[in-house]
Amino acid sequence: DEVVHHIDHKRTNNDPSNLLVMTPAEHATLHNHDRYGRHEEMRALEEACRKRMLNSSVVLGKVPGCSG
């Protein structure tokens, strides 16, 4: 399974630069890092997901729920 994370936390902002595709576990971890002020860990996880997206065939416009 995959989920789409909105970097700015605004679900209506479907600009591709604001979206990251990740697993549900990564998404939960990311929000926990944010909630507890672990911003360095949060940025590292976002970057890892971003790199994985660039190395995959993910096309945000084809992810259900994203118009990106």
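**Ground rules**

I am working on a predicted model, in which local features need pLDDT of at least 70 and side-chain atom pairs count only at pLDDT 80 or more, while totals for chains, interfaces and linings use all residues. Residues are numbered from 1 along each chain as its sequence is written, and side-chain values use heavy atoms, with hydrogens and water left out.

**Overall layout**

I find two helices and two strands, in the order β-β-α-α from the N terminus. These are DSSP runs numbered from the N terminus, helices being H or I with at least four residues and strands E with at least two. The protein has 68 residues, and 29% of them are buried. I also checked the contacts (heavy atoms within 4.5 Å). Of those between residues at least 6 apart in sequence, 42% join residues at least 24 apart.

**Back to His 6**

His 6 sits in strand β1. Its side chain makes a polar contact with the side chain of Asn 14, at 2.8 Å. By polar contact I mean a pair of N or O atoms within 3.5 Å; within protein, one must be able to donate a hydrogen and the other to accept it, and residues adjacent in sequence count only if both atoms are side-chain atoms. Not counting residues up to four places away in sequence, I see His 6 touching Arg 11, Asn 13, Asn 14, Asn 18 and Leu 19.

**Leu 20**

Next I went to strand β2, where Leu 20 is found. Leu 20 is buried, with a relative accessible area of 1%. Leaving aside neighbours within four places in sequence, its contacts include Val 3, Val 4, His 5 and Ile 7, and also Glu 46, Cys 49, Arg 50 and Met 53.

**Helix α1**

I count 12 residues in α1, and its first and last C-alpha atoms are 16 Å apart, close to the 16 Å expected at 1.5 Å a residue. The expected span is 1.5 Å times one less than the number of residues. Glu 26, Leu 30 and His 33 are the buried ones I noted in α1. They cover an arc of only 60° around the axis, so they are on the same side of α1. That arc is taken from the directions from the helix axis to the C-beta atoms. β1, β2 and α2 are among what covers these buried residues. Ala 25 and Arg 35 are exposed, on the face of α1 turned away from its buried side. After α1 comes Gly 37, with a positive phi near 75°.

**Helix α2**

What is buried in α2? I get Met 42, Leu 45, Glu 46, Cys 49 and Met 53. Looking down the axis of α2, they fall within an arc of 100°, so they line one face of the helix. They pack against β1, β2 and α1. On the other side of α2, Glu 40 and Leu 54 are exposed.

**The core**

I then traced the largest nonpolar core, which has 10 residues: Val 4, Leu 19, Leu 20, Val 21, Met 22, Leu 30, Met 42, Leu 45, Cys 49 and Met 53. β2 and α2 each supply at least two residues of this core. My criterion is a set of buried Ala, Val, Leu, Ile, Met, Phe, Trp, Tyr and Cys residues joined through side-chain atoms within 4.5 Å. For Leu 30, setting aside residues up to four places away in sequence, I list His 5, Met 22, Met 42, Leu 45 and Glu 46 as touching.

**Salt bridges**

I find two salt bridges, each a side-chain nitrogen of Lys or Arg within 4 Å of a carboxyl oxygen of Asp or Glu. One joins Arg 52 to Glu 26, with the closest N and O atoms 2.8 Å apart. Arg 52 lies in helix α2 and Glu 26 in helix α1, so the pair ties together parts 26 residues apart in sequence. Arg 52 is partly exposed at 39% relative accessible area, whereas Glu 26 is buried at 18%.

Arg 50 and Glu 47 also meet in a salt bridge, 2.9 Å from N to O. Both are in helix α2, three residues apart, and so are separated by about one helical turn. Arg 50 is partly exposed at 29% relative accessible area, and Glu 47 is partly exposed at 34%.

Technical notes. Buried means under 20% relative accessible area, exposed over 50%, partly exposed in between (1.4 Å probe, protein chains only).
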